[in-house]
Amino acid sequence: MRKLASIQRIWKIEPIEGADKIELAFVLGWQCVVNKGQFKPMDLAVYFEIDSFLPIRDEFEFLRTSSYRKNDILGEGFRLKTMRFRGQISQGLLLPLGQFNELDTYSEIGTDVSEALGVRKWEVEEKITTGGTIIGELPIDVPHTDETRVQAEPELISDFKGLDYYISTKMDGSSHSISIDEGGFHVTGHNYEYKNDGKSAFYELINSRGIEAKLMDYYKANSISMITIQGELCAPGIQKNRLKLIKPEWYVFTIRVNGNRVGLKQMQEICKALDLLTVPIEEVGNDLPSKYPTVEALLERADGEYPKGGKKEGIVIRPVEPVYCERISAALSMKVVSNKYLIKNE
């Protein structure tokens with residue numbers, strides 16, 4: 001599970017050229033802009049990740065001008081996103097541990113304090129282009145599609161040692177899934193299942209291409225108990241259409257059969273059988289740390305552009321065959337979001 005707010009140790013402080021009131025603090029693989037003198041190396045702090053939604057409370061009021069948001073799902077609060085100060089990006093928020101009375105008994109590095117502080121993940125459905133009529137939560141075999149950023153878990157790089165890996169393009173769109181289980185056929189967004197009532201752009205794509213019938217035939221022919229296909233819907237009107245598409249397209253990045261993620265080859269074979277596109281596969285190799293040993297090396301690898309010129313969001317790295325990772329309590333996988341993309345688009 002992603003730790004939106006956690007206790008972490010600051011391992012480095014660096015000055016920002018030309019700035020006399022702010023400096024950079026480094027935690028895990030991230031960098032945050034902080035007030036000068038607020039922290040020193042080895043201090044413990046509460047680190048709030050990007051996309052955290054902080055509750056209304058006095059400790060966060062300084063964020064009101066830049067970060068206040070309100071929506072029907074989450075109510076009022078403060079959304080954290082990548083910010084830029086004096087040419088430096090700030091990837092989250094660091095606050096002193098002693099600022100929160102409810103954390104007096106917390107001191108272990110890595111402790112998840114999201115629930116204690118009322119921190120939730122910022123979620124807004126693409127209601128106009130990819131939403132629809134919500135009829136329930138995600139089905140049991142449809143996991144949330146958040147990938148762990150390598151900056152949040154730099155040690156993930158070493159977990160790829162000796163493994164065959166592949167790097168795919170992170171497509172800039174909206175996450176959507178289809179699945180079949182004993183309850184029938186399901187179409188979902190990032191958080192909810194939708195009704196087939198003509199109000200979901202993704203359902204329209206599924207219907208127009210006969211994907212439900214194709215998947216049902218495959219499901220029956222292979223005596224499968226559950227199958228889930230997850231991908232990124234990219235289209236005009238979604239995320240500023242940075243792929244510059246003229247019509248909607250769905251790029252598959254994960255397939256689960258009977259509750260387990262399949263490997264790259266099987267994913268490609270199933271997509272071929274169902275006439276679906278996978279996300280572009282940029283590289284296949286062995287022993288990732290020998291080629292990209294640091295976060296910085298992977299950030300450089302993540303830079304680039306989509307075929308029609310839009311700034312690429314980044315890359316996703318996975319083993320060719322799924323491997324369970326205790327570090328993230330899930331199948332080993334990580335994303336690297338380009339800093340150039342973040343500066344330009346956030």
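What follows is a conversation about a predicted model, covering some of its helices, strands and loops.

Trainee: Let's start with helix packing: at what angle do helix α5 and helix α6 pack?

Mentor: Happy to! Two packed helices are described by the angle between their axes and the distance between the axes. Here α5 spans residues 211-221 and α6 spans residues 264-274, with axes 10 Å apart and an angle of about 125 degrees.

Trainee: Which residues of α6 does α5 meet?

Mentor: From the α5 side, the contact involves K214, L215 and Y218. The residues of this contact divide into five nonpolar, no polar and one charged. On the α6 side, the partners are I270, A273 and L274.

Trainee: How wide an arc do the buried residues of α6 cover around the axis?

Mentor: The buried set is L264, M267, I270, C271 and L274. An α-helix has 3.6 residues a turn, so residues three or four places apart point the same way.

Trainee: What about α8: which residues are exposed on its other side?

Mentor: Helix α8 covers residues 295-302, and its buried residues are V295, L298, L299, R301 and A302. They lie on the same side of α8 because their arc is only 160 degrees around the axis. Opposite them, the exposed residues are E296 and E300.

Trainee: Which residue just after α6 takes a positive phi?

Mentor: Most residues other than glycine have a negative phi, and most peptide bonds are trans. For comparison, α8 is followed by G304, with a positive phi near 155 degrees. Just after α6, phi is about 60 degrees, and the residue is D275.

Trainee: Is L28 buried, partly exposed or exposed?

Mentor: L28 lies in the loop between β2 (22-27) and β3 (30-35), and its phi is positive, near 55 degrees, though it is a residue other than glycine. Its relative accessible area is 24%. Buried would need under 20% and exposed over 50%, so L28 is partly exposed.

Trainee: What is the relative accessible area of N258?

Mentor: N258 sits in the loop between β18 and β19 (260-261). N258 is not a glycine, yet its phi is positive, at about 55 degrees. N258 is also partly exposed, with a relative accessible area of 38%.

Trainee: Which are the edge strands of the five-stranded open sheet?

Mentor: The strand order is β3-β2-β1-β4-β10, with antiparallel pairing, and the twist averages 50 degrees from one strand to the next. An edge strand pairs on one side only, which here gives β3 and β10.

Trainee: Which residue of β10 is the bridge partner of A45?

Mentor: Strand β4 (residues 44-48) and β10 are antiparallel, with four bridges between them. The partner of A45 in β10 is P96.

Trainee: Finally, which residue of β25 is the bridge partner of I315?

Mentor: Strand β22 (residues 314-319) runs antiparallel to β25 and is joined to it by four bridges. In β25 (residues 334-337), M334 and V336 point one way, K335 and V337 the other, and all are buried. The partner of I315 is V336.

Terms used:
Residues numbered from 1 in each chain as written. Predicted model: local features only at pLDDT ≥ 70, side-chain atom pairs only at ≥ 80, totals over all residues. Heavy atoms only, no water. Buried < 20%, exposed > 50% of the residue type's maximum accessible area, 1.4 Å probe, protein only. Helix = DSSP H or I, 4+ residues; strand = E, 2+ residues; numbered from the N terminus. Pairing = 2+ DSSP bridges. Axes fitted to C-alpha atoms, helices over the stretch in contact; angles between N-to-C directions. Contact = heavy atoms within 4.5 Å. Nonpolar A, V, L, I, M, F, W, Y, C, P; charged D, E, K, R; others polar. Arc of directions from axis to C-beta.
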